[in-house]
Amino acid sequence: MRSLAGVAGHRIRPIAPATKPEPEDCRVVDPVVIEALAVRTAAGPGEVRLLPPPTVSCELARAVSLWLDTSLQPMARGAFGRELTALRVGGGHECRRRNRQTQGQLSEHATGRALDIFAFQLGEEKQGGLAVSVERPSGLEQTRFLDGVRQSACGAFMTVLGPGSDAAHANHLHVDIQQRRAASSRFCQ
């Protein structure tokens, strides 16, 4: 948490342990709530808000922070000439099984090591900003941007699932940091 809190512009806060004990498999190591992450913009320091602020592990927050700053912000600027200002997210920490099934392995959401992204906000909404929906991109420019987002996510995270991978991920991009047998192994669909 210290390494994240020490970055000027990050709006991250630690979360108190749950008052109701959670099952061992659903505990988040170093849980934090992310309100915004600092990024470099063309005009200097900026931030990308996460709406609503999710609870995730500190480890995932670091991965998202790096991805936003080094990949997404430059891609948004290059594709649209605008800064990325917010991510519409869901599915931070939630004790559940994969794809909300009643049986099977727990989701990485159970440990706060996954995040679901539904849309990317470019510029400020009040000033004619642009929202790019993962489920319904508007036109070729947005489709190409989302293709680039997915490609970059495949390098930044261990698992990336989105529209076309399966019905459970038809309307969002799921990213997680699940450890695999080999550190170089990724699951990207």
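Mentor: Contact means heavy atoms within 4.5 Å. Helices (H or I, at least four residues) and strands (E, at least two) are DSSP runs, numbered from the N terminus. The model is predicted: local features need pLDDT of at least 70, side-chain atom pairs count only at pLDDT 80 or more, and totals for chains, interfaces and linings use all residues. Residues are numbered from 1 along each chain as its sequence is written, and side-chain values use heavy atoms, with hydrogens and water left out.

Trainee: Which residues of H2 meet H3?

Mentor: From H2, Trp67, Ser71, Leu72, Met75, Ala76, Ala79 and Phe80 take part; their partners in H3 are Glu141, Gln142, Phe145, Gly148, Val149, Ser152, Ala153 and Ala156.

Trainee: At what angle do the axes of H2 and H3 cross?

Mentor: Axes are lines fitted to C-alpha atoms, for helices over the stretch in contact, and angles run from 0 to 180 degrees between N-to-C directions. Here H2 (residues 58-80) and H3 (residues 139-156) have axes that come within 10 Å and cross at roughly 165 degrees. H2 is therefore roughly antiparallel to H3 (angles over 145 degrees count as such).

Trainee: Where does H2 bend?

Mentor: The bend at a residue is the angle between axes fitted to the seven residues ending there and the seven starting there. In H2 the bend is about 45 degrees, at Leu68. Gly81, with a positive phi near 65 degrees, follows H2.

Trainee: Which residues does a cis peptide bond join?

Mentor: Leu51 and Pro52 are joined by one, with omega about -10 degrees. Pro52 is located in the loop between strand S3 (44-51) and strand S4 (55-57).

Key: Angles under 35 degrees count as roughly parallel, over 145 as roughly antiparallel, 65 to 115 as roughly perpendicular and the rest as oblique.
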